[in-house]
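Here is a model to walk through together. Take a look at the sequence and the fold, and then we'll go through them piece by piece.

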Amino acid sequence: KTLAEALSRPGMISSQELRSLAEATYQSPVVSFYSDVTPQMLIPAQSGIVRAFRSMKKTALEGYKTFIESLPRRQQKIVGNDLRDIESFLTGCPVAKGIRSLIIFKSGTALNEVLALPVRCTNHLIVDPDPFVLPLENILEEHHRVLALQVSKEESAFFVYQLGYFRKIDRIKSFVPTDSVDASRPGHVQRHRLNHLHWH
């Protein structure tokens, strides 16, 4: 999937998904990008995020110069393409209102993950064989997952709520007795049915 397609999914990520992300083996280095998003950075047209990324990219290319130059030429090219893809994505993809941080993990076509979260993060741009997940682990530890229930007569739905997002995980449908009066039924039968409805 592309970065734009990755952004379209809910921003929630579980500890298990994060562990799988960190433990996977990637053929090329992973670019991990964390951006603290302020309202001023989104006007005009997210130019502040793009400027921040370019500044962090320049620092990262200097800091990881020895590591990048030690890579095979094909992997060097993938890292360069990943950085260009992230910049292009930041330039053209709108960030929703209320988002306070943008997190991207990219490694060629093997890894394209984008998380837009309503909580703050620290700015980082890391090029490494593995995803830099420590800041995201800290965010998940500070914001616990909560089970939420939505109950109606016909159906109960179960959701997980975390970081401003709901994810539906299950539902239970139930038979609901009618509350209408049926003159052809004895009174005790109708009272039993109404009791059943009340208990339900």
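**A walk through the model**

Let's start with Lys1, which sits in the segment before helix H1 (3-7). Helices here are DSSP runs of H or I with at least four residues, strands are runs of E with at least two, and both are numbered from the N terminus. Bear in mind that this is a predicted model, where local features need pLDDT of at least 70 and side-chain atom pairs count only at pLDDT 80 or more, while totals for chains, interfaces and linings use all residues. Residues are numbered from 1 along each chain as its sequence is written, and side-chain values use heavy atoms, with hydrogens and water left out.

Which residues does Lys1 touch, not counting those up to four places away in sequence? They are Ala6, Asn112 and Glu113, where contact means heavy atoms within 4.5 Å. Lys1 and Ala110 are 109 residues apart in sequence, yet their C-alpha atoms are 8.8 Å apart in space.

Side chains of opposite charge can pair when their charged atoms come close. A salt bridge here is a side-chain nitrogen of Lys or Arg within 4 Å of a carboxyl oxygen of Asp or Glu, and the whole structure has 7 of them. Lys106 and Asp82 form one, at 3.6 Å from N to O. Lys106 lies in strand S2 and Asp82 in helix H5, so this pair ties together parts that are 24 residues apart in sequence. Lys106 counts as buried at 4% relative accessibility, and Asp82 is buried too, at 2%. Buried means under 20% relative accessible area, exposed over 50%, and partly exposed in between, using a 1.4 Å probe and protein chains only. Lys106 also meets Asp85 in a salt bridge, at 3.8 Å from N to O. Asp85 is partly exposed, with a relative accessible area of 38%.

Elsewhere, Glu87 forms a salt bridge with Lys57, the closest N and O atoms being 3.1 Å apart. Glu87 belongs to helix H5 (residues 73-92) and Lys57 to helix H3 (residues 47-63), 30 residues apart. Arg54 joins Lys57 and Glu87 in a network of salt bridges.

Last stop: helix H6 (residues 134-142). Which of its residues are buried? They are Pro135, Leu136, Ile139 and Leu140. These four cover an arc of only 140 degrees around the axis, so they lie on the same side of H6; the arc is that of the directions from the helix axis to the C-beta atoms. Exposed Glu141 and Glu142 are on the face turned away from the buried side. The cover over the buried residues of H6 includes helix H2 (15-23), strand S1 (30-36) and strand S6 (155-162).
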